[in-house]
Structure formats: C-alpha cells, structure tokens
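Thanks for making time this morning. I would like to take us through one protein, starting with the overall picture and then turning to one residue.

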Amino acid sequence: MNKSILLIAFVLFAAYANAQTCGTNASSVSGTCLCNQGYYGTSAAQGQTCTQCPTGTTTAAPSTTSNTMAGADVSACTQCSANYQMTAVAAAAAAPAPAAAATCVACPNNSGNTGATVVGDLSQCNICKAGYYQTTAASTGVASACQQCPSGTSVAGSTSSTACTSSTTSSKMLFASLAILITSLLA
Ligand SMILES: *[C@@H]1O[C@H](CO)[C@@H](O)[C@H](O)[C@H]1NC(C)=O
Ligand SMILES: *[C@@H]1O[C@H](CO)[C@@H](O)[C@H](O)[C@H]1NC(C)=O
C-alpha cells in the first residue's frame, strides 16, 4: 500500500483520538471538549474538571455559550432536572450577591416532570413518577395527584391504572430504548 496514504490515515487517526480526550465529566462534541450536561467549567480540555450543578439543577445542552466558556460559574445551571419545579431563575454574580443556580424544588407526593426551563408554580409537576399513575391532572398552583400502581410498574407519565401493567409495550418505553440506543451509537 502507498506509504503516504498510510501516513495520512495515521495522522487523521491521531488527531481524532486526541480530539476525543477531554477533561473530567466532559465529552468531545464535533471535536470540541464541552462539559457534559449538568456540569459547567471554563474549560473542558484534557486535565480540566467540570463542576456538577447543585442537586435538582442542570445546564442547557452543552455548548460554548451555555456551560463551557470563559467565566462559566454556577449560574450556568439554568434549568431544573426531571421531577423538579423552578421557583427562581439562575443569576450572574452581582456584588455582594454571588452567582446563583436556578432554584429548583422537588415535585411533591410522587408527581414529577421532564424538567423545567422557566419559573412556574406547582403545576410544573404535571406527570407522575414511574410506578405511579395520575388521578387528577395538574392545574394552576397544584401538582398532579398520583397514586401508586397496583403492580408497582409503570412508566413516568401514566394517567390510568391500566397503564401500570403495560409498561414494557408502551411507546414511551420504546422511545426511551431507542434514545438510549442512538445515544450509545453516537457516544
Ligand atoms: C464525573 O466524574 C467523576 C470522576 O471521574 C466520576 O466519578 C463521576 O461518575 C462523573 N459523573 C458522571 C455523571 O458521569
Ligand atoms: C402531599 O400530600 C399530602 C397528603 O395527602 C398533602 O397534605 C399535601 O398538601 C401534599 N403536598 C402538596 C404540595 O401537594
């Protein structure tokens, strides 16, 4: 085989392998090291460490403007994790107040959600956690009312007791499996 082709292949491989090596809790996205979602830092390069957001909070999708940039601090934690309601937005430092993450409160009584990106009342807790089904929908100021499934198995978001026993064939479970498969293929 042509030696120069081999050399080019090696150089490309080396560049690719190098691009994949990032700091702690960081990943290479199109060749750029970014802190993983839920982490922030001024650099995600090899040898650097990204800091985890406070419990119940997370960042927007990783990018050089959301969670990995000069001056990045805890105010990059602008969103609430699944099953948390947002009561206050994140804030940049404004002396004497330090930077603050969004304020996120755990959804009550087995209600939940898929996360929150804006401030809202308890109605942000508008589904039920896995293993529970919804008996009353959330409404202004009130979270979903949730009852434990008889079988103890259901996917998050079930709205009737019959959904408790059909979790393995539900479209949400299929979607989740597909999402995990795609994520693992792209990782
Ligand atoms: C973040 O990095 C630490 C140290 O490598 C590791 O123990 C931890 O599991 C990581 N967190 C996540 C969510 O991957
Ligand atoms: C949770 O459930 C208890 C008992 O039913 C009730 O007293 C309480 O108000 C509920 N909390 C919220 C925030 O809905």
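Of the 187 residues in this predicted model, 32% count as buried, where buried is taken as 20 or more other C-beta atoms within 10 Å of a residue's own, exposed as 12 or fewer, and partly exposed as in between, with C-beta atoms placed from the backbone. Since the model is predicted, local features need a pLDDT of at least 70 and side-chain atom pairs count only at pLDDT 80 or more, while totals for chains, interfaces and linings use all residues. Residues are numbered from 1 along each chain as its sequence is written, and chains are lettered from A and ligands numbered from 1 in the order in which they are written.

The average pLDDT, the predictor's confidence in each residue from 0 to 100, is 84 for the protein, and 77% of the residues score at least 70. Over residues 10-14 the pLDDT is below 50, and beyond near neighbours in sequence this stretch has zero contacts in the model, a contact being two residues whose C-beta atoms, placed from the backbone, lie within 7 Å. Residues 167-178 also have pLDDT below 50, but with ten such contacts.

There are two helices and twelve strands, which are DSSP runs numbered from the N terminus (helices H or I, at least four residues; strands E, at least two).

Asp121 lies in the loop between strand E9 (111-112) and strand E10 (127-128), and it counts as partly exposed because it has 15 C-beta neighbours inside 10 Å. Leaving aside residues up to four places away in sequence, Asp121 touches Thr140 and Gly141.
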